[in-house]
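Please examine the sequence and the structure shown here before reading on. A set of questions and answers then follows for a reader new to them.

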Amino acid sequence: MNFAAPASVIRLASLSVIATLGMLAPVNAQQAKPIDPNSPNNLRPTAQNNSVLSLEGGERLMKEAEQAVAAQNYTLAAKKLQEARQVYNQLSNFYQDLNSSFSGIDNRVSDSQRQRALLTAQKRDEATYQLALVHRAQNQPELAVPLLVQIIKSQNPTRDLGKKAYQQLFELGFVDSPFPRQGSGSSSSQK
């Protein structure tokens, strides 16, 4: 089998994603300079703290959003949270692809990538929840509702973040049935 062709496609796709992410936010002095797509040999590992496409890059964006919320700069907070969601979503998708690629070939590598995909998907959903809260603070429920529904779909309504998202939908009046129901041990409908 020839693995060189798929590896070069992945490398080019990664470069285009990194270049796109680099254009989303202004580069600070402490961050890495954008990678020149015309110089494919000038790659840096994403494990470095200054990479945009990394867990650390997503966490940095989340901290910047938290600072913006504290300063009540909701527009900046929404921008940073959207960028964090995109970073975490890309990471999760890449790790899922790697998991699939190594499935049945090397289970240790496959399991490792699956765990990373789950971790980054969780972080994406947390960023999505924070973004929905920012939209609520801006009195924009029409932007918050789709995000909250995405979280429930991703997390499941029985998990903590799914319950929180559903509670937000209930508070917004988008849904009319509380979940979980208080004082009910069964799942049958009450009248």
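The questions below concern a predicted model and go from the whole chain to single residues.

Q: What pattern does the protein chain follow when read along the sequence?
A: The secondary structure of this chain comes to 6 helices. Strands number 0. Read along the sequence, the pattern is therefore written with helix symbols, under the rule that helices and strands are DSSP runs. That pattern is α-α-α-α-α-α.

Q: In which helix of the protein chain is confidence highest?
A: The mean pLDDT of the chain is 78, and 69% of its residues reach 70 or more. Confidence is lowest in helix 1 (residues 4–24), with a mean of 43. At the other end of the range, with a mean of 95, stands helix 5 (residues 141–155).

Q: Over residues 185–191 the pLDDT is below 50; how many contacts does this stretch have in the model beyond near neighbours in sequence?
A: The mean pLDDT of the protein chain is 78. Over residues 1–35 the pLDDT is below 50, and that stretch has 32 contacts beyond near neighbours in sequence. For residues 185–191, where the pLDDT is also below 50, the number of such contacts is 5.

Q: What percentage of the residues of the protein chain count as buried?
A: The accessible surface of the chain comes to about 12000 Å², and 53% of it belongs to carbon and sulfur atoms. A residue counts as buried when its relative accessible area is under 20%. Of the 191 residues of the chain, the share that counts as buried is 31%.

Q: Leaving aside its neighbours within four places in sequence, with which residues is Leu169 in contact?
A: Leu169 is among the residues that touch the most other members of the largest nonpolar core. Another of these residues, Leu148, is also a contact of Leu169.

Q: Is Ser92 buried or exposed?
A: Ser92 lies in helix 3. Beyond its neighbours within four places in sequence, Ser92 is in contact with Ala117, Thr120, Ala121 and Arg124. Its relative accessibility is 1%, so Ser92 counts as buried.

Q: How are the rings of Tyr166 and Phe179 arranged?
A: The structure holds 1 aromatic pair. The ring centres of Tyr166 and Phe179 are 6.1 Å apart and the planes stand at 80°, and planes over 60 degrees apart place a pair in one class. The pair links distant parts of the chain, with Tyr166 in helix 6 (residues 160–172) and Phe179 in the segment after helix 6, 13 residues apart. Given those ring planes, the arrangement is edge-to-face.

Q: Is Phe179 buried, exposed or partly exposed?
A: Tyr166 has a relative accessible area of 16% and is buried. Phe179 has a relative accessible area of 33%.

Q: With which side chain does the side chain of Lys79 make a polar contact?
A: Lys79 is found in helix 3 (residues 74–102), and its relative accessible area of 35% makes it partly exposed. Lys79 and Ala65 are 14 residues apart in sequence and 7.9 Å apart in space, C-alpha to C-alpha. The polar contact of the Lys79 side chain, at 3.0 Å, is with the side chain of Glu83.

Q: What is the phi of Asn139, in the loop between helix 4 and helix 5?
A: Most residues other than glycine have a negative phi. Gln72, in the loop between helix 2 and helix 3, has a positive phi of about 60° although it is not a glycine. Gln72 counts as exposed at 59% relative accessibility, and Asn139 is exposed with a relative accessible area of 64%. Asn139 also has a positive phi, near 55°.

Key
Residues are numbered from 1 along each chain as its sequence is written. Side-chain values use heavy atoms; hydrogens and water are left out. Helices (H or I, at least four residues) and strands (E, at least two) are DSSP runs, numbered from the N terminus. Buried means under 20% relative accessible area, exposed over 50%, partly exposed in between (1.4 Å probe, protein chains only). A polar contact is a pair of N or O atoms within 3.5 Å; within protein, one must be able to donate a hydrogen and the other to accept it, and residues adjacent in sequence count only if both atoms are side-chain atoms. Accessible areas come from the Shrake-Rupley method with a 1.4 Å probe; for residues, only the protein chains shown count as cover. Rings of Phe, Tyr and Trp (its six-membered ring) pair if their centres lie within 6.5 Å; planes under 30 degrees apart count as stacked, over 60 as edge-to-face and the rest as tilted. pLDDT is the predictor's confidence in each residue, from 0 to 100. Contact means heavy atoms within 4.5 Å. A nonpolar core is a set of buried Ala, Val, Leu, Ile, Met, Phe, Trp, Tyr and Cys residues joined through side-chain atoms within 4.5 Å.
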